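Me: I'm new to this one and would like to know what the labels rest on. Can we go through it together?
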Amino acid sequence: EQRTNILEFKGVSAGYGGVTVCRDVNLTVRPGEVVALIGANGAGKTTTMRTAVGELTPISGQARALGQTRRASLPQLAKRGLSYVTEERSMIMTLTAAENLRLAGVSADAACVIFPDLRPLLRRQAGLLSGGEQQMLTLARALARKPRLLLADELSLGLAPQIVSRLLAVVRSAATSDGVGVLLVEQHVRQVLEVADRVYVMRRGRVIREGTATEIAADLESVQRAYLMGD
Ligand code: ATP
């Protein structure tokens, strides 16, 4: 069981201070699969991600990432092969793309294998790259470190659909070709369903539905109606 699930939540409740946001969440991610977490704003997706990466400690239940359970910190998890990327621009904007990679201990060549389009941008200041280019750099930096588990929280927030597909295609290929297990939070539900294997639908802190991407896609209207209802 520990070998197959690189991320596993058993009855996890989590939140902030005295406020419980996520309740009784059960989920798993196995190597090589892309799992999507969808739901309306405020459903608890980011809280789930932050619990998975050790930024939040479960109030109850068990969250296990890469075999670590109790109070694993993000740096400890990173050492074991976890990468966490978010919509926040995580580069040092006054340094070049190449310098940002080097700071993370990643070679420019390794990053360009993942996104060849980064090659001509390496000497450019990160702050002068477009939002999409910055996120390609972020994803390349994360994947070049050969993680076993990638958690991506709205990596493509605010980006053009074409860039979203390119980022998602790279995520898919990391899972298929390199066996990376992926948990994705995305607003671009239709696009994410094209690359995901399985989906969890959250509403008001709970998982209200789960299924294969094919099942959820076939029933997307009713799924969206269910999670948007009353919110
Ligand atoms: P979004 O797509 O808007 O990011 P989400 O599904 O990721 O939504 P969360 O960010 O997990 O949802 O937020 C769920 C609830 O937790 C919201 O009601 C939010 O106000 C609350 N919340 C989020 N961060 C904090 C915090 N640092 N302190 C207190 N409450 C918070």
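Me: How many cavities of 30 Å³ or more does the structure hold?
Reply: The structure holds one. Before going on: this is a predicted model, where local features need pLDDT of at least 70 and side-chain atom pairs count only at pLDDT 80 or more, while totals for chains, interfaces and linings use all residues. Residues are numbered from 1 along each chain as its sequence is written, and side-chain values use heavy atoms, with hydrogens and water left out.

Me: What makes that space a cavity rather than a pocket?
Reply: On a 1 Å grid over the protein atoms alone, a cavity is a set of points where a 1.4 Å probe fits but cannot get out, while a pocket is an open set with protein on both sides within 12 Å along at least five of seven lines. The largest cavity holds about 40 Å³ of space, a volume being the space filled by probe spheres set on the points, which are joined across faces, edges and corners.

Me: Which residues line the largest cavity?
Reply: L155, S156, V164, L167, L168, V171, L184 and E186 do; a lining residue has an atom within 4 Å of a point. Helix α6 (residues 161-178) gives the most, four residues. Helices here are DSSP runs of H or I with at least four residues, strands are runs of E with at least two, and both are numbered from the N terminus.

Me: Why is helix α1 called largely enclosed?
Reply: Because six of the eight residues of α1 (residues 45-52) are buried. Buried means under 20% relative accessible area with a 1.4 Å probe, protein chains only. The six are K45, T47, T48, M49, T51 and A52.

Me: What makes β1 and β2 a pair?
Reply: Two strands pair if DSSP finds at least two bridges between them. Seven bridges join β1 to β2 (residues 19-29), running antiparallel, so by the cut-off of two they pair. G15 stands opposite T20 in β2. The two strands form a hairpin with two residues between them, and G17 in the turn has a positive phi of about 55 degrees.

Me: Which element gives the most to the lining of the largest pocket?
Reply: β5 does, with five residues. About 290 Å³ of space lies in that pocket, and among its 14 lining residues, S83, Y84, V85, R141 and R145 lie nearest its centre.

Notes. Buried < 20%, exposed > 50% of the residue type's maximum accessible area, 1.4 Å probe, protein only.
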